[in-house]
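Subject: Structure for your review

Dear colleague,

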Amino acid sequence: MTHTTDKTPRPAVLDLEAGRRAFIRACGLGAAGAAVFAATGAAPAAAATTDLDVLNFALNLEYLEAEFYVRAAFGRGLASGDISGTGRLGGVIGGRKVTFATKNIRLYAEEIADDEEKHVKLLRGALGSQRVARPAINLTDSFTAAAQAAGLIGEGQTFDAFANETNFLLAAYIFEDVGVTAYKGAAPLLANKALLETAAGILAVEAYHAGVIRTILFGLGLFDAAQAISNARDSLDGASEIDQGIGTANKANLVPTDAFGVAFSRSVPQVKNIVYLSPTGAKGGFFPSGINGAFA
């Protein structure tokens, strides 16, 4: 498997900040404003789902991904200035720097970690004072429970997602595809076109990430493990059978799509079931005390 390591330089912090400010201005979510308008320009009813609710739901998921990747790639968590907000601030259990045996996999992990941390900053900046705090996150028991549900380990065994690069890749695969389907499922809920464009941009990045992880797993021949994880996700998100593994040694399935070559969507309850590791949506799994925000 050949990978190109000659990469275009990452955007400077100054560029990120400028883009963030432009995004906030376009969305009308400056320091004064948390008012989000529907397509008609009228303020939504108090009980209706707002764009802010959708962004905060996405922020919960970005907290999870960022904490996982930043710890695995760099051996640290998110900065204290990137976790505060409304709702209960929680700690993070587990996570440490992975000793990567393969340079390319380490570089992929570092790039993904950088992207996920920037997603957190972008969403927090857009939400301003309305952003939710990072909820409690468990990166230890959650991965063990997920691995047991998938049949990767037996009862009484543990799965350390940070023990080696193979475990890291399988752990990343547990929720990587979920981010893609979550953003696609959220698209119809967004009324503001500037928000929709940015969400589409984040979805594209998450799809790139998922494609990277799926491709590496395919190259390593981890077809059975990936299929087991896929089956476990399908068992959690309801009656639908939309999840797909990476294929077999004779047929690749690196891009999971429907019959028309389109990515699948997941609803908020379906996503929560997976990250809670509960078919009933009971709090637990990666978010032991649940998420913060309107969808909590």
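A charge is said to sit over a ring if NZ of Lys or CZ of Arg is within 6 Å of the ring centre and within 35 degrees of the ring normal. By that criterion, the charged end of Arg 233 sits over the ring of Tyr 173, 4.5 Å from its centre.

Before the remaining findings, a note on the basis of the work. This is a predicted model, in which local features need pLDDT of at least 70 and side-chain atom pairs count only at pLDDT 80 or more, while totals for chains, interfaces and linings use all residues. Residues are numbered from 1 along each chain as its sequence is written, and side-chain values use heavy atoms, with hydrogens and water left out.

Overall architecture

Of the 296 residues, 47% are buried; here buried means under 20% relative accessible area, exposed means over 50%, and partly exposed lies in between (1.4 Å probe, protein chains only). Among contacts with a separation of 6 or more, 75% are between residues 24 or more positions apart, a contact being heavy atoms within 4.5 Å.

Salt bridges

Side chains of opposite charge can pair when their charged atoms come close. The whole structure contains 11 salt bridges, each defined as a side-chain nitrogen of Lys or Arg within 4 Å of a carboxyl oxygen of Asp or Glu. One of them joins Lys 118 to Asp 114, with the closest N and O atoms 3.3 Å apart. Both residues belong to helix 3 (residues 103–127) and are four residues apart, about one turn of the helix. Lys 118 is buried at 17% relative accessible area, whereas Asp 114 is partly exposed at 22%.

Asp 243 takes part in two further salt bridges, which are described in turn. With Arg 233, the N to O distance is 2.7 Å. Arg 233 lies in helix 7 (residues 223–236) and Asp 243 in the loop between helix 7 and strand 3 (247–248), so this pair ties together parts that are 10 residues apart in sequence. Both Arg 233 and Asp 243 are buried.

With Arg 266, Asp 243 again forms a salt bridge of 2.7 Å, N to O. Arg 266 lies in the loop between strand 4 (251–252) and helix 8 (268–276), so its pairing with Asp 243 ties together parts that are 23 residues apart in sequence. Arg 266 is also buried. Through shared partners, salt bridges join Asp 177, Arg 214, Arg 233, Asp 243 and Arg 266 into one network.

Aromatic pairs and the nonpolar core

The structure holds 12 aromatic pairs. Rings of Phe, Tyr and Trp (its six-membered ring) pair if their centres lie within 6.5 Å; planes under 30 degrees apart count as stacked, over 60 as edge-to-face and the rest as tilted. Phe 68 and Phe 143 form a tilted pair, 5.5 Å centre to centre with 50° between the planes. Since Phe 68 is in helix 2 (residues 51–74) and Phe 143 in helix 4 (residues 141–150), the pair ties together parts that are 75 residues apart in sequence. Phe 68 has a relative accessibility of 0%, and Phe 143 likewise has 0%.

Phe 68 also pairs edge-to-face with Phe 175, at 5.3 Å centre to centre and 85° between the planes. This pair links helix 2 with helix 5 (residues 165–186) across 107 residues, and both of its members are buried. Ring pairs link a cluster that includes Phe 68, Tyr 69, Phe 100 and Phe 286.

The largest nonpolar core has 76 residues; such a core is a set of buried Ala, Val, Leu, Ile, Met, Phe, Trp, Tyr and Cys residues joined through side-chain atoms within 4.5 Å. Phe 68, Tyr 69, Phe 143, Phe 168 and Phe 287 touch the most other members. Helix 2 provides the largest share of this core, 15 residues.

Glu 67

Glu 67 is also found in helix 2 and is buried, with a relative accessible area of 0%. A polar atom of its side chain lies 3.3 Å from the backbone nitrogen of Leu 78. Beyond its neighbours within four places in sequence, Glu 67 contacts residues including Gly 77, Ile 83, Val 92 and Arg 134.

Yours sincerely

Key
Helix = DSSP H or I, 4+ residues; strand = E, 2+ residues; numbered from the N terminus. Polar contact = N/O pair within 3.5 Å; in protein donor to acceptor, adjacent residues only side chain to side chain.
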